[in-house]
Structure formats: C-alpha cells, structure tokens
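I opened this model to look up a handful of local features and to write down what I found for each. The entries follow the order in which I went through them.

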Amino acid sequence: MKKAFPIFALLTLVLLSYALYEALVAAPTEQTMGDVQRIFYYHVPSAWTAFLLFLVNFVASVVYLVNRSDKADMVALVTAEVGVVFCTVVLVTGPIWARPVWGIWWTWDLRLTLTLVLWLIYVSYLMLRRFSSGSQTPVMAAVLAVFGALDVPLVYFSIWYFRTQHPSPVIGRGGSLDPRMARVLLINWAAFLCFAVLICWSRYRLERLKREVEETQALEALLEPRGVR
Amino acid sequence: MKFLYAAYAITWLIHIAYLGTVAARYTRLQREVEELNKK
C-alpha cells in the first residue's frame, strides 16, 4: 500500500498533464465562443467530481448512522472536504466563463443558485465538524449530510427540467457535443477523478493519524498522576 | 484568452492551497507524534 501511493500519484500527474494538453491544444475550438469555451474542460469535470464526492459522503453518512462505523465517518468527512474544494472550483470558473460569454459574472438563475446553496450546505457541514465538540457531532453531521445530498440531484437536473440562463446539457439526453470535445471532456474527468481519489487518500490517512494521536493523548491524560491539592 | 488562463490558473491555485493546508496539518500532527514518543 505504501508503494501504491507514489505510483498512483505519478500516474495522476501524467494523466493531468495529458488532459491539460488535450484541453488547451488538441480539442477543437468552438465556433461561437472561441477559446474561452475551453474552460468547459475544467468546469464540468470539477462539477461531476464534486457531485460524486457528495454522493459518497451521503452513502458514508448513512452507513455511519446505521452502524456507527468510524471508517464511514472518516470517509464522510474527507469526501465532504474534498467535494467543497471541487465545488469552489466550479463556482469560481463558472463566473470567469460567464463574463465574456453572457456579459455578466453572476445571475441568480436556478442552476447557479442551487450550486451556491450546495456549497453553503457542505461548508456548514465542515464548520459543524470543526467547531462542535462532543460525541453527538458525527451524528448531527451525518444527518445534515443526508439532507444536504438532496440538493445534488436538484442541481444536476435543474437544467433538464427548467429553462435557465445556464446552458442545457450537452452530453446525454438531447446533447449535441462534438465527439472530439466529448473525448477531451472524459479524459479531463478521468484525470480529475484520479486527482480527487489521490487527495481523499492522503486526507483519509491524515484523519486516521489525527484520531490515533487524539486517542493516545486522551489515554495519557487519564493515566497521568494528578497533583495533590 | 485571459479568461481561459485565469480559470485554469485559479483552479490550480485552489487545489494547491488546499494541498498546502493538508500538508501543514500533517506537519503539525507529526510534531505531536514526536512529542508523544518522547514522553
């Protein structure tokens, strides 16, 4: 397992570099938007990765609520944290793309607003975990995560069922994406997924070590001889 | 082109900043482990 991490890290780095080359050089230039459309290759894979991480967070939270597994709790925490990072990328790259194309940085349209709400839900989840102490914190966080995950399908399907400023789906039902662009999109998604797995892996190891240290410190405090008053 | 480069650069800045916080937390934890081992 110790050898697998650096090998996987190296492979991810190679894949990310190749994906960057594909996005900036190999992908065809879109006719109406021009080169700025290439933001798509970072914006969309980041959104899909964030959704997937929040989905894993939901499953881990349910598992934790059912059997109080410490591992499930750690997976839930780690995926929420990394999911927030990817969701931040979506919320930052979106307006940078919108400005030259729509002429505005932001609009309170359904897709954009729901994505911001999603980000705020998971930021509150992380704040709850950071600032609340006590044995019930993981339970409260898991309950919040279960309800928070309801926003993920709302964000995803908002452009399917409602007319919004945000473009309609270009892939899947009714999508009309050029196959060469779809290929580059999938390569970038694969690269970002590997990167997300890599970060989650390191963050999980860190969380496990942190809990071990806390347990040892608590045990030491119990065994330490108390001063006589 | 400046919007494209800005979007790509900011994406990596966000990821690197996050990785920086993870690395800082790991260093702090390593120090605590060393202190525990000394006792």
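Before counting elements I noted what counts as one: helices are DSSP runs of H or I with at least four residues, strands are runs of E with at least two, and both are numbered from the N terminus. I also noted that this is a predicted model.

**Entry: chain B.** I looked up chain B and found one helix and zero strands. Along the principal axes, its C-alpha atoms fill a box of roughly 55 × 5 × 5 Å. Of the 39 residues in chain B, 26% are buried.

**Entry: helix 4 of chain A.** I checked the length of this helix, which runs over residues 110–131: at 1.5 Å a residue its 22 residues should span 32 Å, and the end C-alpha atoms are 31 Å apart, so the two values agree. At the N-terminal end I found a cap in Asp109(A), which has a side-chain oxygen 3.0 Å from the backbone nitrogen of Arg111(A). Arg111(A) is also on the list of buried residues of helix 4, together with Leu112(A), Leu114(A), Thr115(A), Leu118(A), Tyr122(A), Tyr125(A), Leu126(A) and Arg129(A).

**Entry: the largest pocket.** I noted a volume of about 1000 Å³ for the largest pocket. Its lining takes in 31 residues, and those nearest its centre are Leu77(A), Arg129(A), Arg203(A), Glu207(A) and Lys210(A). The elements that give two or more residues to this lining are helix 3, helix 4, helix 5 and helix 7 of chain A, together with helix 1 (2–38) of chain B. Helix 7 of chain A gives the most, with eight residues. Arg129(A), one of the residues nearest the pocket centre, is also one of the buried residues of helix 4.

**Entry: cysteines.** Cys87(A) is buried, because its relative accessible area is 2%. For Cys194(A), the closest cysteine sulfur is again in Cys200(A), at 12 Å, which is too far for a bond, since a disulfide needs the sulfur atoms within 2.5 Å. Cys194(A) is partly exposed, with a relative accessible area of 23%.

**Entry: two loop residues of chain A.** I placed Gln37(A) in the loop between helix 1 (4–26) and helix 2 (40–67). Is Gln37(A) buried or exposed? Its relative accessibility is 4%, so Gln37(A) counts as buried. Leaving aside residues up to four places away in sequence, Gln37(A) touches Glu30(A), Trp97(A) and Met181(A). Arg68(A) is in the loop between helix 2 and helix 3. Its phi is near 55°, a positive value in a residue other than glycine. I marked this down because most residues other than glycine have a negative phi. Arg68(A) is partly exposed, with a relative accessible area of 46%.

**Entry: Pro179(A).** This residue is in helix 7 of chain A, and I recorded Pro179(A) as exposed because its relative accessible area is 65%. From Pro179(A) to Leu206(A), 27 residues apart along the chain, the C-alpha atoms are separated by 40 Å.

Key: Residues are numbered from 1 along each chain as its sequence is written. Chains are lettered from A and ligands numbered from 1 in the order in which they are written. This is a predicted model: local features need pLDDT of at least 70, side-chain atom pairs count only at pLDDT 80 or more; totals for chains, interfaces and linings use all residues. Side-chain values use heavy atoms; hydrogens and water are left out. Buried means under 20% relative accessible area, exposed over 50%, partly exposed in between (1.4 Å probe, protein chains only). Contact means heavy atoms within 4.5 Å. The expected span of a helix is 1.5 Å times one less than its number of residues. A polar contact is a pair of N or O atoms within 3.5 Å; within protein, one must be able to donate a hydrogen and the other to accept it, and residues adjacent in sequence count only if both atoms are side-chain atoms. On a 1 Å grid over the protein atoms alone, a cavity is a set of points where a 1.4 Å probe fits but cannot get out, and a pocket is an open set with protein on both sides within 12 Å along at least five of seven lines; lining residues have an atom within 4 Å of a point. Grid points are joined across faces, edges and corners, and a volume is the space filled by probe spheres set on the points.
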